[in-house]
Amino acid sequence: MMTSANDQDLFIAHFDQAKNHLPGADIDWLANLRNNGLSLFKKVGLPSAKTELWKFTSLNPLRKQQFLAPVTKAEKSLSVTDLPRLLDETKSHRLVFVDGFYSEELSDKGLPKGVRLQSFAAALQSEPAVANKLQQNLKPRDLAQEQPLVALNTALMTDGFIIEIAKDISLDKAIEILHFGSGTPQSSYHNRNVITVGAGSKATILEQVADRESHVYFSNSVTDVTLSENATLHHYRIQESNASAFHVSSVQADVGNGSSYDSFILNTGGRMARSDINVNLVAPNSSCHINGAYMLKDDQHCDITTRVDHKTPHTSCDEVIKGILAGKSRGVFQGKIIVHEQAQKTVGNQSHRAMLLSDTAEVDVKPELEIFADDVICSHGCTSGQIDEDALFYLRSRGLSREQAQSLLVNAFLADAVEALQNEDLKDLFLTRIASWLGQNPQ
Amino acid sequence: MAATLETVEQVKSLEMEKYKYGFVTDIESDKAPKGLSEDTVRFISAKKNEPEWLLEWRLKAYRHWLTMPEPTWGKLQHAPIDYQDSYYYAAPKSNEDRPQSLDEVDPELLKTYEKLGIPIREQEVLAGVAVDYVFDSVSVATTFREQLKEVGVIFCSISDAVQEYPELVKKYMGSVVPYGDNKHACLNSAVFTDGSFVYIPKGVRCPMELSTYFRINELNTGQFERTLIVADEGSYVSYLEGCTAPMRDENQLHAAVVELVTMDDAEIKYSTVQNWYPGDAEGKGGIYNFVTKRGICRGKNSKISWTQVETGSAITWKYPSCILQGDNSVGEFYSVAITNGRQQADTGTKMIHLGKNTTSRIISKGISAGKSQNTYRGLVRVSAKAEGARNFTQCDSLLVGDTCGAHTVPYIESKNRSARLEHEATTSKISEDQLFYCRQRGISEEDAVGLVVNGFCREVLQELPMEFAVEAQKLVSISLEGSVG
């Protein structure tokens, strides 16, 4: 077994190789930020089983890989027809990232009004005012101990998307972002994304992670979200990469007065996928929904870790996560709701339900309530089990085959998490994904 | 926000509430020198006339203890423990010459019991309870022993058991909680001074409820109790444990170990009412209660049930657990934990499902008031072979006042698809509607809160044996007296 010092070495070497290629090399504040990130990462290293937040998710398979530094863009040529698309052009405006780098030629042209879309690298190369604004929107995180991969991202952030939505804009098109793996083996990238939504605006951002063929790569992305007053952001993500890919993502959203952050994550791909979602409800009447579903098979591993900080009175959060586990897969859910002392009148509900379809699957759950205010209503619920035999019998007694009945029940189980989505197109899309997964993996 | 203001005031008065059982009995005692070293361990062992193997075991534990880190994962804050600042052995002087009947018992002791409100003779007759009083680590009076002997039940102090039933002790001690389990259990293994030993032979239903009253009496004396209960095939026993402690200034370390073993079709019901001194209004001087309690359902269809009412101690660190090894075995955990003032409780359970069709049930009720922190921390683990395992967990927290905290940290790990696990937790304050309803029917606010809290805890309190339920209800009301309405 490799020691933790060796684990870090690869990524520290990446930094040395990449530092002259990283965007914004001549910007002082950025250089400082990167150096801070690197020294923190050096100090803490990759999380191990002893890191409480990574207790159930081992990075050992990742440690065995020899990833390449995030230096050069992929050479493989791609055309738009090679790429999957979730919503058609009339319903979404799409940005495309190939192996972590923004591709202008593959992305849609013509911007929706009131929106500024830019790649992270381009933003750093534009005039200082833009770059400095970016500085404000990169959120300071508690990088110590538990978040070494955020620190690593900070050191190595190469590209990403910057989405700025002005005041009082209601977007009729969704903004779709495709993160596409072109098939470059052992590539690694650390995208840094920034989303800011102006007062009174509404937007839907839809991220898709997909790739062309089976290959090993490592994506470590960090997204900083800021919602000012009375804004609504629907942030939906679908991760359906090949079963050899490693994905680690961390979203931190600060939600302002009267605003709502609505997140949904559908996870079917990857060898290992870890999604951290941290929401700060920093002003009264802010709220969030963190919903999601995962469907796993073979030796896939999916970890959804959420943390909601209720920092002021009259805030609410609602989480519903559902999981289906087949093969030797392992599902992890860790959800923390923290109600700070001054956050009276908080409502926080959380539920995680898992259905195990095989004898070798495993689910580990750690829902946490940490409450320092008294006038609150908080709850969490977790269940784990298999398909209800009674329900199965009922359906079979009405002439359905065992397969049909099981499929129907699993579908219904997952659909519950999707039902809450307000966007009908996306609801259909997710339901189709669930149905096709079940079609490919008959139970 | 009038209600909130009132609550704040009530909580304030709660903090001032004096500890009812705060008094010190003056008995000259036979102490080991202050501090912890191999010599201390040897002193204790020699004092107790222990066989070589036990001394070796203690020393092994001591040496291992030196290498172990302090557990830091609990949501607890306290100054580092100075292990050299405690006495590890204190026995009432009359130990060498044990009293054969109550008449021979030191009158000072009897007075102490009277102050506690448990007149010893009355209790014998009244409750049908055999009490193995543990007074400063050494058992001084064992009642009903003869009667129990008739049916073959062994109920004695663990020191006696070491002398009289060394084979049983050797076989089971450390088999559930190995000495290296955690730092506190390890310390206990090295320096445990006394405790209870119970053996229920095959097919015997213990004719009475067994009970031990623990009481810390000497200043600066850590209490290191060790309890071992073995229920052989088809037997049943209900064991009660309760504690009160006198007022003092320095923090006291209490690291107990309880081990339970059940064979086929056997059942152990273990109930605790814990009311150690919680410290003063600033949280100074309370007991540090680090307890390792674990039971193993070794046989088929066996059952272990833990019930606890935790109202005392400055710090409670305690996770009564069940290892469900035998097929169809059952584990239960019922808990009420009340914290106020500056108390900190981090308590919960572990249910480890290994056998087929094993069932566990966890009901935890946490009530926090004042400036206290109350955490439920639990683990439900289903191994791959535990076909048809079933768990139901319910953790409810009630907050009284806005300066306290209530936390829930459950871990749920399932490796078996046929396992059905359900966990639910809620946190809220006392419902204004319920209080209003009671008040408009002429019930005073204090009584109304009492009613609501009682209702909140009822599921757990009703699991207690009758004699204990009364005491527990009293404790609950004492804890909340003057606090909330």
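Me: How many bridges join strand 20 of chain A to strand 23 of chain B?
Reply: Strand 20 of chain A and strand 23 (residues 420-429) of chain B run antiparallel, and two strands count as paired if DSSP finds at least two bridges between them. Helices (H or I, at least four residues) and strands (E, at least two) are DSSP runs, numbered from the N terminus. This is a predicted model, in which local features need pLDDT of at least 70 and side-chain atom pairs count only at pLDDT 80 or more, whereas totals for chains, interfaces and linings use all residues. The number of bridges joining strand 20 of chain A to strand 23 of chain B is eight.

Me: Which residue in strand 23 of chain B is the bridge partner of A:Ser384?
Reply: Residues are numbered from 1 along each chain as its sequence is written, while chains are lettered from A and ligands numbered from 1 in the order in which they are written. With that numbering, the bridge partner of A:Ser384 in strand 23 of chain B is B:Leu421.

Me: How many nonpolar residues are on the side of chain A that touches chain B?
Reply: Two residues are in contact if their C-beta atoms, placed from the backbone, lie within 7 Å, and 30 residues of chain A are in contact with 28 residues of chain B. Strand 19 (362-371) and strand 20 (376-385) of chain A each supply at least two residues of the side that touches chain B. Ala, Val, Leu, Ile, Met, Phe, Trp, Tyr, Cys and Pro count as nonpolar, Asp, Glu, Lys and Arg as charged, and the others, Gly among them, as polar. On this side of chain A, eight residues are polar, eight are charged and the nonpolar ones number 14.

Me: Which strand gives the most to the side of domain 1 of chain A that touches domain 2 of chain A?
Reply: Chain A is assigned domain 1 (4-283) and domain 2 (388-443), with bounds that come from an automatic or database domain assignment, and the centres of the two domains, taken over C-alpha atoms, are separated by 32 Å. The contact involves 11 residues of domain 1 and eight residues of domain 2 of chain A. Strand 8 (202-211), strand 10 (232-239) and strand 12 (260-267) of chain A each supply at least two residues of the domain 1 side. With three residues, the strand that gives the most to that side is strand 10 of chain A.

Me: Why is helix 10 of chain B described as oblique to helix 11 of chain B, and at what angle do they pack?
Reply: Axes are lines fitted to C-alpha atoms, for helices over the stretch in contact, and angles run from 0 to 180 degrees between N-to-C directions. Angles under 35 degrees count as roughly parallel, over 145 as roughly antiparallel, 65 to 115 as roughly perpendicular and the rest as oblique. Helix 10 (residues 432-440) and helix 11 (residues 445-461) of chain B have axes 9 Å apart. Helix 10 of chain B is oblique to helix 11 of chain B because of their packing angle, which is about 130°.

Me: In which hand of crossing, left-handed or right-handed, does helix 2 of chain A pass helix 6 of chain A?
Reply: The axes of helix 2 (residues 28-44) and helix 6 (residues 148-156) of chain A come within 7 Å and cross at roughly 145°. A crossing is left-handed if the near helix is turned anticlockwise from the far one by less than a right angle, and right-handed if clockwise. Helix 2 of chain A passes helix 6 of chain A in a crossing that is left-handed.
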